[in-house]
Amino acid sequence: MSDIAIIGIDLAKSVIQLHGSDKSGRCIYRKKLRRHQVLPFLAKSPQCLIGMEACSGSHYWAREIQKLGHNVKLIPPQFVKPYVKTNKTDAADAEAICEAVTRPNMRFVPIKSPDQQGILLVHRERDGLIKERTAVINRIRAVFSEFGIAIPAGPKKLKEWMLKSYGDHETELSKVMTRLIERMTERLSLIEAEIAILDKEIDNQNKVDTRCKRLLEILGVGRLAASAIVASVGNAKEFKSGRQFSAWLGLVPRQHSSGGKQNLQGISKRGDAYIRKMLIHGARAVVRHMNKNNAPVEWIEQLSMRRHNNVVIVAVANKLARIVWALLSKEQRYAIS
(Lines give C-alpha, C1' and ligand atoms only; values in the text may rest on other atoms or scores of the structure.)
Protein backbone atom coordinates (compact mmCIF):
# COMPACT_ATOMS: atom_id res chain seq x y z
CA MET A 1 0.00 0.00 0.00
CA SER A 2 2.91 2.38 0.59
CA ASP A 3 3.72 2.27 -3.15
CA ILE A 4 0.28 3.55 -4.15
CA ALA A 5 0.54 6.88 -5.99
CA ILE A 6 -2.51 6.92 -8.26
CA ILE A 7 -6.03 5.55 -7.78
CA GLY A 8 -8.70 5.37 -10.46
CA ILE A 9 -12.28 5.09 -9.20
CA ASP A 10 -15.19 3.97 -11.35
CA LEU A 11 -18.32 5.25 -9.58
CA ALA A 12 -21.61 3.40 -9.59
CA LYS A 13 -24.83 3.20 -7.59
CA SER A 14 -23.89 0.32 -5.25
CA VAL A 15 -20.55 -1.22 -6.23
CA ILE A 16 -17.49 0.99 -6.79
CA GLN A 17 -14.35 -0.28 -8.55
CA LEU A 18 -10.86 0.94 -7.56
CA HIS A 19 -7.60 0.54 -9.48
CA GLY A 20 -4.39 1.46 -7.66
CA SER A 21 -0.98 1.88 -9.27
CA ASP A 22 2.47 3.21 -8.42
CA LYS A 23 4.21 6.21 -9.99
CA SER A 24 5.33 4.18 -13.02
CA GLY A 25 1.77 3.01 -13.70
CA ARG A 26 2.29 -0.57 -12.53
CA CYS A 27 -0.90 -2.07 -11.11
CA ILE A 28 -0.79 -2.62 -7.33
CA TYR A 29 -4.37 -3.71 -6.68
CA ARG A 30 -7.87 -3.93 -8.09
CA LYS A 31 -10.68 -3.71 -5.55
CA LYS A 32 -14.46 -3.80 -5.67
CA LEU A 33 -16.08 -2.04 -2.70
CA ARG A 34 -19.58 -1.19 -1.54
CA ARG A 35 -20.45 2.48 -1.10
CA HIS A 36 -20.02 2.49 2.69
CA GLN A 37 -16.57 0.87 2.38
CA VAL A 38 -14.97 3.44 0.05
CA LEU A 39 -14.22 6.33 2.43
CA PRO A 40 -12.86 4.13 5.28
CA PHE A 41 -10.60 2.36 2.77
CA LEU A 42 -9.26 5.62 1.32
CA ALA A 43 -8.77 7.04 4.81
CA LYS A 44 -6.21 4.29 5.43
CA SER A 45 -4.47 4.84 2.06
CA PRO A 46 -1.47 7.18 1.76
CA GLN A 47 -2.21 10.55 0.20
CA CYS A 48 -2.19 10.18 -3.56
CA LEU A 49 -3.71 11.37 -6.84
CA ILE A 50 -7.27 10.10 -7.32
CA GLY A 51 -9.14 10.29 -10.63
CA MET A 52 -12.87 9.89 -11.29
CA GLU A 53 -15.20 10.49 -14.19
CA ALA A 54 -17.37 13.61 -13.89
CA CYS A 55 -20.82 12.08 -13.48
CA SER A 56 -23.79 11.99 -11.14
CA GLY A 57 -22.52 12.07 -7.56
CA SER A 58 -18.88 12.62 -8.53
CA HIS A 59 -18.70 16.10 -6.99
CA TYR A 60 -19.97 14.73 -3.66
CA TRP A 61 -17.37 11.96 -3.68
CA ALA A 62 -14.64 14.41 -4.69
CA ARG A 63 -15.42 16.72 -1.77
CA GLU A 64 -15.51 13.86 0.72
CA ILE A 65 -12.26 12.33 -0.55
CA GLN A 66 -10.53 15.72 -0.51
CA LYS A 67 -11.30 15.95 3.20
CA LEU A 68 -9.11 12.87 3.64
CA GLY A 69 -6.14 14.75 2.17
CA HIS A 70 -6.09 13.24 -1.32
CA ASN A 71 -5.67 15.21 -4.56
CA VAL A 72 -8.87 14.55 -6.53
CA LYS A 73 -9.34 15.19 -10.26
CA LEU A 74 -12.58 14.84 -12.23
CA ILE A 75 -12.27 13.89 -15.91
CA PRO A 76 -14.92 14.30 -18.61
CA PRO A 77 -16.07 10.78 -19.59
CA GLN A 78 -15.34 11.31 -23.30
CA PHE A 79 -11.66 11.84 -22.46
CA VAL A 80 -11.46 8.56 -20.54
CA LYS A 81 -12.94 6.35 -23.27
CA PRO A 82 -9.78 6.27 -25.48
CA TYR A 83 -7.84 4.68 -22.60
CA VAL A 84 -10.19 1.69 -22.26
CA LYS A 85 -8.09 -1.08 -23.77
CA THR A 86 -10.56 -3.98 -23.81
CA ASN A 87 -14.29 -4.51 -23.52
CA LYS A 88 -16.13 -2.18 -21.19
CA THR A 89 -16.06 -3.46 -17.61
CA ASP A 90 -15.84 -1.71 -14.25
CA ALA A 91 -12.25 -2.89 -13.83
CA ALA A 92 -11.27 -1.70 -17.32
CA ASP A 93 -12.93 1.67 -16.72
CA ALA A 94 -11.12 2.15 -13.39
CA GLU A 95 -7.80 1.28 -15.04
CA ALA A 96 -8.50 3.73 -17.87
CA ILE A 97 -9.30 6.49 -15.37
CA CYS A 98 -6.10 5.72 -13.48
CA GLU A 99 -4.10 6.15 -16.69
CA ALA A 100 -5.98 9.18 -18.01
CA VAL A 101 -5.60 11.21 -14.81
CA THR A 102 -1.79 11.19 -15.19
CA ARG A 103 -1.72 12.64 -18.72
CA PRO A 104 -0.08 16.11 -18.72
CA ASN A 105 -2.49 17.55 -21.28
CA MET A 106 -5.66 16.09 -19.75
CA ARG A 107 -8.56 18.47 -19.14
CA PHE A 108 -10.31 18.35 -15.79
CA VAL A 109 -13.66 19.46 -14.41
CA PRO A 110 -13.52 21.83 -11.41
CA ILE A 111 -15.08 20.37 -8.28
CA LYS A 112 -18.31 22.18 -7.46
CA SER A 113 -19.35 23.28 -4.00
CA PRO A 114 -22.76 22.32 -2.55
CA ASP A 115 -24.02 25.87 -3.21
CA GLN A 116 -22.99 25.65 -6.87
CA GLN A 117 -24.70 22.31 -7.26
CA GLY A 118 -27.83 23.67 -5.57
CA ILE A 119 -28.15 26.59 -7.99
CA LEU A 120 -27.53 24.33 -10.99
CA LEU A 121 -30.27 21.97 -9.79
CA VAL A 122 -32.61 24.96 -9.49
CA HIS A 123 -31.86 25.79 -13.14
CA ARG A 124 -32.40 22.16 -14.15
CA GLU A 125 -35.74 21.99 -12.32
CA ARG A 126 -36.85 25.29 -13.87
CA ASP A 127 -35.90 24.09 -17.34
CA GLY A 128 -37.90 20.91 -16.76
CA LEU A 129 -40.93 22.87 -15.58
CA ILE A 130 -40.74 25.07 -18.68
CA LYS A 131 -40.96 21.94 -20.82
CA GLU A 132 -43.87 20.63 -18.72
CA ARG A 133 -45.68 23.95 -19.12
CA THR A 134 -45.23 23.83 -22.89
CA ALA A 135 -46.58 20.26 -22.95
CA VAL A 136 -49.67 21.20 -20.92
CA ILE A 137 -50.34 24.23 -23.11
CA ASN A 138 -50.08 22.11 -26.25
CA ARG A 139 -52.51 19.56 -24.81
CA ILE A 140 -55.00 22.31 -23.91
CA ARG A 141 -54.79 23.72 -27.44
CA ALA A 142 -55.19 20.22 -28.88
CA VAL A 143 -58.35 19.64 -26.79
CA PHE A 144 -59.93 22.82 -28.11
CA SER A 145 -58.77 22.04 -31.63
CA GLU A 146 -60.76 18.78 -31.53
CA PHE A 147 -63.89 20.91 -31.26
CA GLY A 148 -62.89 23.37 -33.97
CA ILE A 149 -61.65 26.07 -31.61
CA ALA A 150 -58.28 27.61 -32.49
CA ILE A 151 -56.19 29.17 -29.69
CA PRO A 152 -53.11 31.37 -30.20
CA ALA A 153 -49.78 29.82 -29.20
CA GLY A 154 -47.88 30.86 -26.10
CA PRO A 155 -48.63 30.99 -22.35
CA LYS A 156 -49.57 34.69 -22.28
CA LYS A 157 -51.92 34.46 -25.25
CA LEU A 158 -53.53 31.33 -23.82
CA LYS A 159 -54.16 33.09 -20.51
CA GLU A 160 -55.66 36.10 -22.28
CA TRP A 161 -57.86 33.85 -24.41
CA MET A 162 -59.11 31.92 -21.37
CA LEU A 163 -60.08 35.19 -19.65
CA LYS A 164 -61.72 36.89 -22.63
CA SER A 165 -62.98 34.27 -25.09
CA TYR A 166 -63.39 30.96 -23.24
CA GLY A 167 -66.86 31.90 -21.99
CA ASP A 168 -68.11 32.28 -25.57
CA HIS A 169 -67.30 28.61 -26.30
CA GLU A 170 -67.92 27.02 -22.90
CA THR A 171 -71.54 26.16 -23.72
CA GLU A 172 -70.41 24.25 -26.80
CA LEU A 173 -68.43 21.77 -24.68
CA SER A 174 -69.73 18.84 -22.66
CA LYS A 175 -69.49 18.77 -18.88
CA VAL A 176 -66.75 16.14 -19.11
CA MET A 177 -64.68 18.44 -21.30
CA THR A 178 -65.20 21.50 -19.11
CA ARG A 179 -64.06 19.55 -16.04
CA LEU A 180 -61.01 18.29 -17.97
CA ILE A 181 -60.09 21.81 -19.06
CA GLU A 182 -60.45 23.08 -15.50
CA ARG A 183 -58.04 20.42 -14.23
CA MET A 184 -55.55 21.17 -17.00
CA THR A 185 -55.65 24.93 -16.39
CA GLU A 186 -55.20 24.36 -12.63
CA ARG A 187 -52.16 22.18 -13.37
CA LEU A 188 -50.81 24.92 -15.61
CA SER A 189 -51.25 27.50 -12.85
CA LEU A 190 -49.40 25.28 -10.36
CA ILE A 191 -46.49 24.85 -12.79
CA GLU A 192 -46.28 28.61 -13.37
CA ALA A 193 -46.31 29.22 -9.61
CA GLU A 194 -43.39 26.79 -9.18
CA ILE A 195 -41.48 28.53 -11.97
CA ALA A 196 -42.01 31.89 -10.25
CA ILE A 197 -40.60 30.48 -6.98
CA LEU A 198 -37.49 29.17 -8.74
CA ASP A 199 -37.06 32.53 -10.50
CA LYS A 200 -36.94 34.19 -7.07
CA GLU A 201 -34.23 31.74 -5.98
CA ILE A 202 -32.15 32.66 -9.02
CA ASP A 203 -32.74 36.39 -8.54
CA ASN A 204 -31.71 36.16 -4.87
CA GLN A 205 -28.43 34.53 -5.87
CA ASN A 206 -27.77 37.25 -8.45
CA LYS A 207 -28.32 39.93 -5.78
CA VAL A 208 -25.79 38.55 -3.29
CA ASP A 209 -23.07 37.21 -5.62
CA THR A 210 -20.68 39.90 -6.84
CA ARG A 211 -19.66 37.75 -9.82
CA CYS A 212 -23.25 37.61 -11.02
CA LYS A 213 -23.55 41.37 -10.59
CA ARG A 214 -20.51 41.89 -12.83
CA LEU A 215 -21.88 39.58 -15.51
CA LEU A 216 -25.29 41.28 -15.49
CA GLU A 217 -23.58 44.48 -16.64
CA ILE A 218 -22.75 42.82 -19.97
CA LEU A 219 -25.20 43.57 -22.77
CA GLY A 220 -26.75 40.25 -23.75
CA VAL A 221 -26.11 38.38 -20.49
CA GLY A 222 -29.35 37.99 -18.56
CA ARG A 223 -30.11 36.80 -15.04
CA LEU A 224 -30.41 33.12 -16.04
CA ALA A 225 -27.13 33.11 -17.95
CA ALA A 226 -25.23 34.95 -15.20
CA SER A 227 -26.46 32.61 -12.48
CA ALA A 228 -25.82 29.42 -14.47
CA ILE A 229 -22.33 30.49 -15.60
CA VAL A 230 -21.16 31.37 -12.08
CA ALA A 231 -22.61 28.14 -10.68
CA SER A 232 -20.92 26.08 -13.43
CA VAL A 233 -17.44 27.59 -13.74
CA GLY A 234 -17.01 29.80 -10.67
CA ASN A 235 -14.09 32.14 -11.34
CA ALA A 236 -13.40 30.48 -14.75
CA LYS A 237 -9.68 30.17 -13.96
CA GLU A 238 -9.76 26.54 -15.10
CA PHE A 239 -9.74 27.96 -18.64
CA LYS A 240 -6.53 29.49 -19.95
CA SER A 241 -8.27 31.96 -22.25
CA GLY A 242 -11.63 33.24 -23.40
CA ARG A 243 -11.14 31.26 -26.58
CA GLN A 244 -10.86 28.04 -24.60
CA PHE A 245 -13.99 28.95 -22.62
CA SER A 246 -16.02 29.60 -25.78
CA ALA A 247 -14.71 26.33 -27.25
CA TRP A 248 -15.86 24.52 -24.09
CA LEU A 249 -19.33 25.96 -24.67
CA GLY A 250 -19.35 24.69 -28.26
CA LEU A 251 -19.47 28.16 -29.84
CA VAL A 252 -16.53 27.59 -32.20
CA PRO A 253 -16.42 25.84 -35.62
CA ARG A 254 -16.15 22.06 -35.72
CA GLN A 255 -13.06 20.96 -37.63
CA HIS A 256 -12.73 18.03 -40.00
CA SER A 257 -9.27 18.70 -41.41
CA SER A 258 -6.77 16.36 -43.00
CA GLY A 259 -3.69 16.49 -45.22
CA GLY A 260 -3.01 20.13 -44.41
CA LYS A 261 -6.42 21.20 -45.69
CA GLN A 262 -8.63 22.96 -43.16
CA ASN A 263 -12.34 22.20 -43.26
CA LEU A 264 -14.41 24.29 -40.82
CA GLN A 265 -18.04 23.30 -40.36
CA GLY A 266 -20.84 24.50 -38.07
CA ILE A 267 -20.34 25.08 -34.37
CA SER A 268 -19.28 22.04 -32.38
CA LYS A 269 -22.15 22.25 -29.82
CA ARG A 270 -19.95 20.65 -27.18
CA GLY A 271 -19.98 21.46 -23.49
CA ASP A 272 -22.86 22.94 -21.52
CA ALA A 273 -25.89 23.17 -23.83
CA TYR A 274 -27.92 25.19 -21.29
CA ILE A 275 -25.38 28.02 -20.98
CA ARG A 276 -24.82 28.00 -24.74
CA LYS A 277 -28.57 28.39 -25.28
CA MET A 278 -28.73 31.31 -22.83
CA LEU A 279 -25.82 33.12 -24.51
CA ILE A 280 -27.30 32.63 -27.98
CA HIS A 281 -30.65 33.99 -26.80
CA GLY A 282 -28.83 36.97 -25.33
CA ALA A 283 -26.87 37.49 -28.54
CA ARG A 284 -30.10 37.38 -30.53
CA ALA A 285 -31.51 40.15 -28.33
CA VAL A 286 -28.36 42.24 -28.82
CA VAL A 287 -28.52 41.90 -32.61
CA ARG A 288 -32.23 42.65 -32.71
CA HIS A 289 -32.12 45.75 -30.50
CA MET A 290 -28.64 47.07 -31.20
CA ASN A 291 -28.09 50.77 -31.77
CA LYS A 292 -25.22 53.19 -31.37
CA ASN A 293 -26.37 54.23 -27.89
CA ASN A 294 -26.29 50.85 -26.17
CA ALA A 295 -23.50 48.79 -27.77
CA PRO A 296 -20.36 48.97 -29.92
CA VAL A 297 -22.16 47.68 -33.01
CA GLU A 298 -19.80 48.64 -35.82
CA TRP A 299 -18.26 45.17 -36.18
CA ILE A 300 -21.70 43.54 -35.85
CA GLU A 301 -23.11 45.72 -38.63
CA GLN A 302 -20.16 44.96 -40.89
CA LEU A 303 -20.52 41.23 -40.27
CA SER A 304 -24.29 41.42 -40.91
CA MET A 305 -23.64 42.81 -44.40
CA ARG A 306 -21.78 39.70 -45.56
CA ARG A 307 -22.98 36.79 -43.40
CA HIS A 308 -26.29 35.14 -42.49
CA ASN A 309 -28.11 36.45 -39.43
CA ASN A 310 -27.62 33.17 -37.53
CA VAL A 311 -23.86 33.35 -38.13
CA VAL A 312 -23.85 36.86 -36.70
CA ILE A 313 -25.78 35.73 -33.62
CA VAL A 314 -23.31 32.91 -32.92
CA ALA A 315 -20.39 35.32 -33.39
CA VAL A 316 -21.91 37.70 -30.84
CA ALA A 317 -22.50 34.78 -28.45
CA ASN A 318 -18.83 33.81 -28.85
CA LYS A 319 -17.85 37.39 -28.04
CA LEU A 320 -20.09 37.35 -24.96
CA ALA A 321 -18.44 34.13 -23.76
CA ARG A 322 -14.97 35.69 -24.06
CA ILE A 323 -16.08 38.81 -22.18
CA VAL A 324 -17.60 36.61 -19.45
CA TRP A 325 -14.30 34.74 -19.06
CA ALA A 326 -12.35 38.01 -18.81
CA LEU A 327 -14.62 39.44 -16.12
CA LEU A 328 -14.61 36.26 -14.02
CA SER A 329 -10.94 35.29 -14.31
CA LYS A 330 -9.53 38.81 -13.96
CA GLU A 331 -12.21 40.04 -11.51
CA GLN A 332 -12.93 43.15 -13.57
CA ARG A 333 -16.04 45.22 -14.29
CA TYR A 334 -17.55 45.50 -17.74
CA ALA A 335 -16.84 48.72 -19.63
CA ILE A 336 -17.78 49.63 -23.22
CA SER A 337 -14.64 50.81 -24.98
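Is Glu331 buried or exposed? Glu331 is exposed, its relative accessible area being 58% (buried means under 20%, exposed over 50% and partly exposed in between, with a 1.4 Å probe and protein chains only). The model is predicted, so that local features need pLDDT of at least 70 and side-chain atom pairs count only at pLDDT 80 or more, while totals for chains, interfaces and linings use all residues. Residues are numbered from 1 along each chain as its sequence is written, and side-chain values use heavy atoms, with hydrogens and water left out.

**View 1. Glu331 has a positive phi of about 55° without being a glycine.** Glu331 is placed in the segment after helix H14 (309-330); helices (H or I, at least four residues) and strands (E, at least two) are DSSP runs numbered from the N terminus. Most residues other than glycine have a negative phi.

**View 2. Lys269, also not a glycine, has a positive phi of about 55°.** This residue belongs to the loop between strand S7 (264-267) and helix H12 (273-289). Lys269 counts as exposed, at 57% relative accessibility.

**View 3. Phe239 and Phe245 form an edge-to-face aromatic pair.** The ring centres are 5.2 Å apart, with 65° between the planes. Rings of Phe, Tyr and Trp (its six-membered ring) pair if their centres lie within 6.5 Å; planes under 30 degrees apart count as stacked, over 60 as edge-to-face and the rest as tilted. Both Phe239 and Phe245 are buried.

**View 4. Lys73 lies over the face of Phe108.** The distance to the ring centre is 5.3 Å; a charge sits over a ring if NZ of Lys or CZ of Arg is within 6 Å of the ring centre and within 35 degrees of the ring normal.
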